[in-house]
Amino acid sequence: MSQANKKPKILVARAIFPDLLAKLEQVAEVQSNQADAIWSSAEIKAAMMDKDGAIVTGSEKVDADMLDASPNLKIVSNIAVGYNNLDMPAFKARQVMATNTPDVLTETTADFGFTLLMATARRVTESEHWLRAGHWKKFSICDTPLAMDIHHSTLGIMGMGRIGQAIARRALGFGMKVRYYNRSRLSTELEKECGATYVDRETLLKESDHIILVMPYTPENHHLFGEKELAMMKPTATLVNIARGGIVDELALAKALKEKRIFAAGIDVFEGEPAVRPELLELKNIVLAPHIASATEKTRRAMIELAIENCLAGIAGKTPPNLLS
Ligand code: DGY
């Protein structure tokens, strides 16, 4: 805080629920962006400059230049579990805290991962478009969009953090065989609880009927899922991405879907979002969603509340509940 007994200055870089903003304004001097405008880096930098703390979403990149220009800044609090938008080495070097919002979104995000998986394998949106286009003339055993089964199939989860584990628990209810790949292996107890078997990446790619990506996005896994990986998948398999767009090479995916080298894909996150590649938009065997895995009102409120709690704790010189650096 710049001066004793003064309210801290906080930037809220995107629109939040008005009642939560009003509550924050009782204890802080807030600059907010209730118009929900997409600010350029220069605008974020200018808005952050005189602040003690900033609350941002995964869409706002915070880099070394912004931190250098903000001498009072103690903390940047992300309203997201993923924090690839924050330049973590720069935060560490400048001893500025960074936080995220884990846990509160786990179950909601896992629900959506499963929703997207089901919609993709069972061709839900494609069937609806088919119906709306007037193709449904009669009940037919064969002449109808035929799908892939979920129950008793093999699910491959890439990234076995909290959300991956919550997806695995759901899969058990469908009698699925759960395989996972992760940087580190789960404890035997957790593996048992999730009914999940650890396999190497290649085995997961080759043997899964459905693959879901839930790992964090890092420079190391940029385009991790490309032509080679898609070629290893079964032609009957589906791929679901609820992690980050940059993990998948979207052009390679579009090509594989077009050539029916995999059955279908469900995508909630895009490399250039909110822009979506025309190559993906043209396809029928893909379910597209606008980054909504955590988007229930209850969960989004909980994420904002946690981000505020993290921010205020950091400014007050306490250790925020979800400190990253
Ligand atoms: C997250 O929490 O990381 C979601 O993707 C929303 O940004």
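Colleague: Is Met66 buried or exposed?

Modeller: This is a predicted model, in which local features need pLDDT of at least 70, side-chain atom pairs count only at pLDDT 80 or more, and totals for chains, interfaces and linings use all residues. Residues are numbered from 1 along each chain as its sequence is written, and side-chain values use heavy atoms, with hydrogens and water left out. Buried means under 20% relative accessible area, exposed over 50%, and partly exposed in between (1.4 Å probe, protein chains only). Met66 has a relative accessible area of 1% and is therefore buried.

Colleague: Which residues does Met66 touch, leaving out those up to four places away in sequence?

Modeller: Contact means heavy atoms within 4.5 Å. Met66 touches Ser41, Ile44, Lys45, Met48 and Lys61. Met66 itself is found in helix α3, residues 64-68; helices (H or I, at least four residues) and strands (E, at least two) are DSSP runs, numbered from the N terminus.

Colleague: How is the chain divided into domains?

Modeller: Domain bounds come from an automatic or database domain assignment. Here domain 1 covers 9-102 + 297-315, and domain 2 covers 106-288. Their centres, taken over C-alpha atoms, are separated by 32 Å. Five residues of domain 1 are in contact with five residues of domain 2.

Colleague: Which residues touch the most other members of the largest nonpolar core?

Modeller: In soluble globular proteins, nonpolar side chains tend to be buried together. A nonpolar core is a set of buried Ala, Val, Leu, Ile, Met, Phe, Trp, Tyr and Cys residues joined through side-chain atoms within 4.5 Å. The largest one here has 48 residues, and Ile55, Ile157, Ile167 and Ile242 touch the most other members. Among the elements that give two or more residues to this core are β1 (9-12), α5 (106-121) and α13 (297-315), and α5 gives the most, with seven residues. Since domain 1 and domain 2 both give residues to this core, it lies between them.

Colleague: With which residues is Ile167 in contact, leaving aside neighbours within four places in sequence?

Modeller: Ile167 is in contact with Ala110, Phe114, Leu155, Ile157, Ile212, Val214 and Ile242.

Colleague: What lines the second largest pocket?

Modeller: On a 1 Å grid over the protein atoms alone, a pocket is an open set of points where a 1.4 Å probe fits, with protein on both sides within 12 Å along at least five of seven lines; lining residues have an atom within 4 Å of a point. The second largest pocket is lined by 14 residues, of which Thr125, Glu126, His129, Trp130 and Lys284 are the closest to its centre. The largest share of the lining, four residues, comes from α6.
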